[in-house]
Amino acid sequence: MVRKIVSWVLIGLGAFLLVAAVLAATWAPGQLERTPLDTDSTTRLEGGGQKLNPATGEVEDITVKATSISQVDSEASDDDVVIFASSTCAVLDEGDVPDCVAGTDERLVSASTEVFATDRHTGMSVDGSDYVEGEYEQREGLVNKWPFNAEKKDYPYWDGMLKQAVSAAYVGTETIEGLETYEYHVLIEHETTEVVEGVEGRYSMDKRLWIDPRTGAIVRQTQDELRTTYDGDILLDLQLAFTDEQVTSNAADAKDNGSMLDLVTGTVPLVGFILGPILLIVGIGLQVLGRREREGTHTA
């Protein structure tokens, strides 16, 4: 009787592990490898450079801190498309200055807000006109993250100043806080665009992004932005980078999220496909052995 109970337990457990392995290998990646609808992140950057002071007409040295806030509109998003509301503000780092100030405040360097839609799986921009009320500015390429399982290749990357996608070229790998990342390079040189509201000029950007390939999260970012008049006079020459604390936090989050994904989509299928059949075979073997013993008893 005990053998019979044990055999059925082993058969049931083996079948459960096989089903779990199949689901983890086929269904789980599509469910887990998606931008979460509860995303609400704050990213902090710091740096400095030079900026034209409109009041004096002089180009002054500046120290800057910047804050970028990205929130998902879960009600407007769905299973495939996520809607982000994002705001970025850079201010002169002078004493106890808040993360952002009013447009008339002399400490304001730049400020922008935007709403955009991306594919929850690939991170690529999609048409959000059906998701967002009012006017919608279509974007192209990647905006605020790379796809899950990013590859060692170039990706189109959205540039808000040019209002178009540019190339983010794969450079190589680098280990940050114990996490292997992929480095991508965006280079824009002396492009004509609106450098200040209502003012045309020249715009350059040298940006590097270090990406966790498993989750597509941006772990580190540096950028060297230059805005000038057509004659080359500096309007803004700014170097910004994620703070050290931000990089450490991003790396820790990427490790945790990557480990969870690997556990569900890697470890669970591996254990299930190996241990499940073994338990089934042992359970069935016990059933057969018990049946033979009973038949032998009846014959005797």
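# Close-up views of a predicted model

**View 1. Tyr155 and its partner across the strands.** Tyr155 stands opposite Ala168, a residue of strand 6. The model shown here and in every view below is predicted. Strand 5 and strand 6 (residues 164-176) run antiparallel. Five bridges join these two strands. Is Tyr155 buried or exposed? Its relative accessibility is 6%, so Tyr155 counts as buried.

**View 2. Trp146 between two tyrosine pairings.** The count of aromatic pairs comes to seven. In one of them, the ring centres of Trp146 and Tyr155 are 6.1 Å apart. Their planes stand at 75°, so this pair is edge-to-face. Trp146 also pairs with Tyr184, with ring centres 5.0 Å apart. Here the planes stand at 40°, so the pair is tilted. This second pair links distant parts of the chain, 38 residues apart. Trp146 lies in the loop between strand 4 and strand 5, while Tyr184 belongs to strand 7 (residues 179-196). Both Trp146 and Tyr184 are buried. For Trp146, the relative accessibility is 0%.

**View 3. The aromatic cluster.** Which residues do ring pairs link into a cluster? They are Trp146, Tyr155, Tyr157, Tyr170, Tyr182 and Tyr184.

**View 4. Charges over ring faces.** Lys145 lies over the face of Phe148, at 4.3 Å from the ring centre. Arg220 lies over the face of Trp210. The distance from that ring centre is 5.2 Å.

View 5. Side chains of opposite charge can pair when their charged atoms come close. The count of salt bridges in this model comes to ten. In one of them, the side chains of Arg214 and Glu33 meet at 3.1 Å, N to O. The two residues are 181 residues apart, and the pair links distant parts of the chain. Arg214 lies in the loop between strand 8 (199-211) and strand 9 (218-228). Glu33 lies in the loop between helix 2 (28-32) and strand 1 (40-53).

**View 6. Asp99 with Lys65.** The side chains of Asp99 and Lys65 meet in a salt bridge at 4.0 Å, N to O. This pair also links distant parts of the chain, 34 residues apart. Asp99 is in the loop between strand 3 (81-92) and strand 4, and Lys65 is in strand 2 (residues 58-72). At 32% relative accessibility, Asp99 is partly exposed.

View 7. Asp105 and Arg107 join their side chains in a salt bridge of 2.9 Å, N to O. Asp105 is partly exposed, with a relative accessible area of 23%. Arg107, at 27% relative accessibility, counts as partly exposed. Elsewhere, salt bridges that share partners join Glu114, Glu137, Arg139 and Lys163 into one network.

Technical notes: Residues are numbered from 1 along each chain as its sequence is written. This is a predicted model: local features need pLDDT of at least 70, side-chain atom pairs count only at pLDDT 80 or more; totals for chains, interfaces and linings use all residues. Side-chain values use heavy atoms; hydrogens and water are left out. Two strands pair if DSSP finds at least two bridges between them. Helices (H or I, at least four residues) and strands (E, at least two) are DSSP runs, numbered from the N terminus. Rings of Phe, Tyr and Trp (its six-membered ring) pair if their centres lie within 6.5 Å; planes under 30 degrees apart count as stacked, over 60 as edge-to-face and the rest as tilted. Buried means under 20% relative accessible area, exposed over 50%, partly exposed in between (1.4 Å probe, protein chains only). A charge sits over a ring if NZ of Lys or CZ of Arg is within 6 Å of the ring centre and within 35 degrees of the ring normal.
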